[in-house]
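Open the model in your viewer and keep the sequence panel beside it.

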Amino acid sequence: MGRAHEVRKQSMAKTAAMKSAIYGRASKEIYMAAKNGSKDPEANLALRSAIDKAKSKQVPTDVIQRAIKKAEGNDGESFTSNRYEGYGPGNSMIIVDSLTNNVNRAIAEIRDAFNKNGGKIANSGAVSHSFQATSLFAFSGLSVEETLELLMETDAEVNDVVEEDESTVVYASFQSFNTVKTALDNAGVKEYQMAETTMLADEEMTIAVEEDRIKFEKLIDKLNELEDVQNVYHNINEETM
């Protein structure tokens, strides 16, 4: 598989709005994980994974701690998760995951972003059949050979283990996330450049027309700035953007 750009995605936000959105979505994910389980990351794998993901995106420790502290209260706040699919400029395919306390606001803003940047919302299932849910890990401290040997002793469904940019990268099935994460943690991996589930396109494409490339980048940036958007996936090779 070896899609190095998946690991090299810049964690620094392009704009203040995107930086704020990154902090906001990390806080919501941590809050929900802590709200639905133990507040101790060592006893709550979902919380530990959410914290690792936040750290890999350079979310400050105080933001992480505030989200956990908030979950200890009784504010009754709840969030609803939804997935939206659509087409972007240049026949690109896009999946947007939302986590929101206002579903009407979320869909209105997501649809507006598509409409104003050369895209359109599609029906559920329109593009997701061209993506595979994947567990993705990037870390240091274990070689590819050591990682393969370690994971062979588990029942994890591992698709690939490669070296990318001096990190060991594991691609595994969506269902194997907890198994792989636990095995790596127990083997002494402490810091992850990436430890999350994602949607990888079966086939990536490039956008040939410059005008469409510009519109596509604007659309992706706008979606990433939205408060209610948690993740954005697409089938465009980012190394060509």
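At what angle do helix α2 and helix α4 pack, and how far apart are their axes? Select residues 16-35 for α2 and residues 61-71 for α4: the angle is about 40°, and the axes are 8 Å apart. Axes here are lines fitted to C-alpha atoms, for helices over the stretch in contact, and angles run from 0 to 180 degrees between N-to-C directions. Helices (H or I, at least four residues) and strands (E, at least two) are DSSP runs, numbered from the N terminus. The model is predicted; local features need pLDDT of at least 70, side-chain atom pairs count only at pLDDT 80 or more, and totals for chains, interfaces and linings use all residues. Residues are numbered from 1 along each chain as its sequence is written, and side-chain values use heavy atoms, with hydrogens and water left out.

Stay on this pair. The crossing of α2 past α4 is right-handed, meaning that the near helix is turned clockwise from the far one by less than a right angle. Show side chains for the contact (heavy atoms within 4.5 Å): α2 contributes Y23, S27, I30, Y31, A34 and K35, and α4 contributes V63, I64, A67, I68, K70 and A71. By class, 9 of these residues are nonpolar, 1 is polar and 2 are charged. Nonpolar covers Ala, Val, Leu, Ile, Met, Phe, Trp, Tyr, Cys and Pro; charged covers Asp, Glu, Lys and Arg; the others, Gly among them, are polar.

Next, select R105, in helix α5 (residues 103-116). R105 counts as partly exposed because its relative accessibility is 26%; buried means under 20% relative accessible area, exposed over 50%, and partly exposed in between (1.4 Å probe, protein chains only). Leaving out residues up to four places away in sequence, R105 touches T100, E227 and D228.

Move on to N237, in the segment after β8 (229-234). N237 counts as buried because its relative accessibility is 18%.

Finally, zoom out to the chain, with its 8 helices and 8 strands. Its C-alpha atoms fill a box of roughly 45 × 45 × 30 Å along the principal axes. Of the 241 residues, 47% are buried. Among contacts between residues at least 6 apart in sequence, 72% join residues at least 24 apart.
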